[in-house]
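These are my notebook entries on one structure.

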Amino acid sequence: MLTSQVQKPAAKPKYKQRPSAVQQYLPEIITITSGKGGVGKTNLAVNLGILLSQRKQRVLLMDADLQLGKLDVILGASPRYTLADLVEGRKTIDEIIMHHPSGIDILPATSGDLDLLDADDRMLKVLANSFSSIQSLYDYLIVDTGAGLSPTVLTMALGADKVILLVTPEPASVSDVYAMIKVISQKAPDLPLILVPNRHSSLEDGVELHKKLNLITQKFLKTTIYYGGSIVEDNAVRQAVIRQRPFVTEFPNSQAANNLQLVCHRLLKFPRQDFDRRSNIFDRLKEKRKVMETA
Ligand SMILES: Nc1ncnc2c1ncn2[C@@H]1O[C@H](COP(=O)(O)OP(=O)(O)OP(=O)(O)O)[C@@H](O)[C@H]1O
Ligand SMILES: [Mg+2]
């Protein structure tokens, strides 16, 4: 791994302070997930995060794929410490956050030692308290999850302000994302669900898939899913993954990068979650676990 790419700045970095906020500023939480695995979630999380940061948004990426986090592979940077080190009192939150040269920060949650869902309330309180000290530094918290209807993924989705659902043209991916929409919309009917079709042969195919799926979810689930923009199948993504670099910086003029610019643009135009309805991600996890338990 090219760990040398990740530097720890000696002093506090570049962040601007929010003007006299009455309450503490909290980032908007966007969880990225899918019904089926391997559809491009981690690539989307990293590259969207970078595009947002290029548009002056301060982004923290949280790797919540507890089984198989691959943020480090795509960014060419292994985390030295994880949330487990924080919980055990070995490191402070500043020490585990990685500042990547692309402009985003990464909070590595992946660890064999720590399952956020099994963590007791006291542990989540420790995490929530530590997180409070840094959360106002960010505009967005992007959470990269694993795929499917596992309790971890669902809790991360239910704890978000918005959920981006990735889907590819394969029938299994489409039926799995429908199952996901069904469960999320039952548990959180007001949570905005944004569909991003990936690996389509044309943008029109992505638009078409959204249209069809939305008709079905409106009819059978009484749920509208928003269109977040499509990303076509592009060799640049595969090449960038092989080089362990984000495709938006490695191939900024590729079709996939251009498509993602539009996704980013749409996302910034979506109404943002009201400040007074935002809360700390770890407090939310505590709350949402209870919703899962009563399922
Ligand atoms: N638009 C695209 N064009 C071409 N290849 C793509 C595209 N999007 C993703 N891929 C390929 O799919 C692979 C899997 O992507 P990624 O690791 O982001 O998926 P994931 O959904 O995070 O997987 P997991 O469910 O295992 O976490 C990438 O390594 C890349 O080769
Ligand atoms: Mg992944």
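In what handedness does H1 pass H11? I find that H1 passes H11 in a right-handed crossing; a crossing is right-handed if the near helix is turned clockwise from the far one by less than a right angle, and left-handed if anticlockwise.

**Ground rules.** I am working on a predicted model, where local features need pLDDT of at least 70, side-chain atom pairs count only at pLDDT 80 or more, and totals for chains, interfaces and linings use all residues. Residues are numbered from 1 along each chain as its sequence is written, while chains are lettered from A and ligands numbered from 1 in the order in which they are written.

**Whole chain.** I note twelve helices and nine strands; these are DSSP runs numbered from the N terminus, with helices (H or I) of at least four residues and strands (E) of at least two. Of the 295 residues, 45% count as buried. A residue is buried if 20 or more other C-beta atoms, placed from the backbone, lie within 10 Å of its own, exposed if 12 or fewer, and partly exposed in between. I also looked up contacts, meaning C-beta atoms, placed from the backbone, within 7 Å. Among those between residues at least 6 apart in sequence, 79% join residues at least 24 apart.

**H1 and H11.** Helix H1 covers residues 41-54 and helix H11 residues 255-269; their axes come within 10 Å and cross at roughly 65 degrees. Axes are lines fitted to C-alpha atoms, for helices over the stretch in contact, and angles run from 0 to 180 degrees between N-to-C directions. H1 and H11 are therefore roughly perpendicular to each other. Under 35 degrees counts as roughly parallel, over 145 as roughly antiparallel, 65 to 115 as roughly perpendicular and the rest as oblique. From H1, Asn47, Leu48, Leu51 and Leu52 meet Leu260, Gln261, Val263 and Cys264 of H11. By class, this contact has six nonpolar, two polar and no charged residues. Nonpolar covers Ala, Val, Leu, Ile, Met, Phe, Trp, Tyr, Cys and Pro, charged covers Asp, Glu, Lys and Arg, and the others, Gly among them, are polar.

**H7 and H8.** I looked up helix H7 (residues 171-187) against helix H8 (residues 203-221) and found an angle of about 40 degrees, with the axes 11 Å apart. H7 and H8 are therefore oblique to each other. H7 passes H8 in a right-handed crossing. Val174, Tyr178, Ile181, Lys182 and Ser185 in H7 meet Leu213, Ile216, Thr217 and Leu221 in H8. The contact has six nonpolar, two polar and one charged residues.

**Ligand 1.** Which residues are closest to ligand 1? Gly37, Gly40, Lys41, Thr42 and Asn43 are the closest of the 22 that surround ligand 1, a residue being near if its C-beta atom, placed from the backbone, lies within 6 Å. H1, strand E7 (193-200) and helix H9 (235-242) are the elements giving two or more residues to this shell. I list seven nonpolar, eight polar and seven charged residues in the shell.

**Burial.** Is Asp144 buried or exposed? Asp144, in strand E5 (residues 140-144), counts as buried, with 27 C-beta neighbours inside 10 Å. Its C-alpha lies 5.3 Å from that of Ile32, 112 residues apart in sequence. Gln244, in the loop between H9 and helix H10 (247-250), is partly exposed, with 16 other C-beta atoms within 10 Å. Seven of the eight residues of helix H6 (residues 151-158) are buried, so H6 is largely enclosed by the rest of the structure.

Note on methods: Two residues are in contact if their C-beta atoms, placed from the backbone, lie within 7 Å.
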